[in-house]
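Please read this briefing alongside the sequence and the model.

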Amino acid sequence: MRNSTSRPVRRSLAGAAVGVLVIALTAACGGDSDPKESAEQEELAEGEAVTLTTFGEFGYDALIDQWNEEHPDIQVEQTKVSKWDDWKAEITTSIQAGGEGLPDIVAVEGDYMPAIVAAPDVWVDLAQPEVEGRWLEFKETDATSADGQLLGYATDAGPEAICYRADLFEAAGLPTDREEVAARMGTWDDYFALGEEFKKNSDAHFYDASGSIAQAMLNQVEYPFEQEDNSVDVTSEELANVWETVTSHTDLGSKAVQWSPDWTAGFKDPGIATIACPGWMRNNIKENTGDPAPDGVVWDIADVFPGGGGNWGGSYLSIPKTSTHQTEAMEFITWITAPEQQAAVFELTGNFPSQVEALESETVLTATDEYFNGAPAGEIFSNRAAAITVQPHHGPLYSDILQKFQDAINRVDQGTSPDDSWATFEQDVASLQ
């Protein structure tokens, strides 16, 4: 059974660990004036709930209903923010104020985790024996501070495949079988050459956005913006290659800013033939294309990613020290990031598990996706996870520099010369330091 873990044992372990945690936090508390000190812990009042804010779609609705039914004494209330950038701005402002204004549980996009790790005084150390060895190594490493504190529980990972429209491929005279398509995209040179061939026979976009392709390529660069010591360096040959490759192929994409209304509309008219596709992207494709798919539309998944493996995203749940219900919050995130719940979310939304045990579950390995022409999604994304050999270094400024890089790409899409846009990017990066 999916939720067969003994509830009393789980609660006992989590409760004991959190008890130690709270005692430690209380002992460390030295006064009332520093907002970074751990908040005074309080019991949940009648009608009060542990607050959680997520962004996009985490697939938690049914699981929270299940939790609330089984835990009448620890109710959880979720607030959803549609766009990560909006939620990121609120988190950043709150961190500058020592965490004031944050909910009990904060969902954080993976690229922003370095900013959380860089402010360990604001967040609760979530390390406990029950979760040791639970996650893929790179996911746990990215959430661990220099002094060994675990500041986030990983909710999912983002191994990337290529999702494609088989009907648009067929109309353009290209192969439609997922194995044949995969064989045509082994390298980025192959991918762009296929795009040039596609555009000769189609008015649809070959890919969704220049920024999307840039992100996909950056996910294969070990030090995209910052070196191992976190010093900023945007002069590497690898970064220059991403820039030159993407800005020289803008005719293949939609020229829309990813996540913008124009980008969303492009899925229906004129259509998008391929997209860099971590597991969670399937949910965006379904929403933007229409579910069920319009007549004639056939999405599929190719078990390939140009240039090798790549991981895009995967989020975390963190608890700020300003939370007055840390014990209850930690018990909930321990449960909802457990293997059984991660497998359930994968079935519902396609968010790929970040836990070792969940990756080995039959639920995940045998999963198919009927919307994507019955593709063996579990097998494909497991293969893509195994293909990841590089995890980019994300220093404290990674997320901010990435946004400036995306802005620079978008300026080229809108007509600015690559040289002028790059010069502005360098000025933007200098202003961040």
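Is Asp400 buried, partly exposed or exposed? At 31% relative accessibility, Asp400 counts as partly exposed, where buried means under 20% relative accessible area, exposed means over 50%, and partly exposed lies in between (1.4 Å probe, protein chains only).

This is a predicted model, in which local features need pLDDT of at least 70 and side-chain atom pairs count only at pLDDT 80 or more, while totals for chains, interfaces and linings use all residues. Residues are numbered from 1 along each chain as its sequence is written, and side-chain values use heavy atoms, with hydrogens and water left out.

**Salt bridges**

- The structure holds nine salt bridges, a salt bridge being a side-chain nitrogen of Lys or Arg within 4 Å of a carboxyl oxygen of Asp or Glu.
- Asp400 forms one of them with Lys88, and the closest N and O atoms are 3.6 Å apart. Asp400 lies in helix 18 (residues 398-413) and Lys88 in helix 3 (residues 84-96), so this pair ties together parts that are 312 residues apart in sequence.
- Helices here are DSSP runs of H or I with at least four residues, strands are runs of E with at least two, and both are numbered from the N terminus.
- Lys88 counts as buried, at 13% relative accessibility.
- Arg282 and Asp369 meet through their side chains in a salt bridge (2.8 Å, N to O). Because Arg282 lies in helix 12 and Asp369 in the loop between helix 16 (362-365) and helix 17 (377-386), the pair ties together parts that are 87 residues apart in sequence.
- Arg282 is buried at 4% relative accessibility, and Asp369 is buried at 6%.
- Salt bridges that share partners join Glu57, Asp61 and Lys80 into one network.
- Within that network, Lys80 forms a salt bridge with Asp61, with 3.0 Å between the closest N and O atoms. Lys80 lies in strand 2 and Asp61 in helix 2 (residues 61-70), so the pair ties together parts that are 19 residues apart in sequence.
- Lys80 is partly exposed at 37% relative accessibility, and Asp61 is partly exposed at 37%.

- Five strands form an open sheet in the order 2-1-3-9-4, with mixed pairing; two strands pair if DSSP finds at least two bridges between them.
- The edge strands, strand 2 (76-81) and strand 4 (153-154), each pair on one side only.
- Strand 1 pairs with strand 2 in the parallel sense over six bridges, and Thr51 stands opposite Glu77 in strand 2.
- Five of the six residues of strand 1 (residues 50-55) are buried, so strand 1 is largely enclosed by the rest of the structure.
- Strand 3 (residues 105-109) and strand 9 (residues 315-318) pair in the antiparallel sense over four bridges. The bridge partner of Glu109 in strand 9 is Ser315.

**Backbone exceptions**

- Most residues other than glycine have a negative phi, and most peptide bonds are trans.
- The peptide bond from Asp269 to Pro270 is cis, with omega near 15°. Pro270 is found in the loop between helix 11 (261-266) and strand 7.
- A cis peptide bond also links Asp291 to Pro292, with omega near 10°. Pro292 lies in the loop between helix 12 (281-289) and strand 8 (299-302).
- Asn230, which is not a glycine, has a positive phi of about 75°. This residue lies in the loop between helix 9 and helix 10 and is partly exposed at 34% relative accessibility.
- Trp259, not a glycine either, has a positive phi of about 80°. Trp259 lies in the loop between helix 10 and helix 11 and is partly exposed, with a relative accessible area of 36%.

**Exposed and buried positions**

- Asp229 is found in the loop between helix 9 (210-218) and helix 10 (237-247), and counts as exposed at 58% relative accessibility.
- Ala273 is found in strand 7 (residues 272-278) and counts as buried at 0% relative accessibility.
- Ala273 and Phe192 are 81 residues apart in sequence and 13 Å apart in space, C-alpha to C-alpha.
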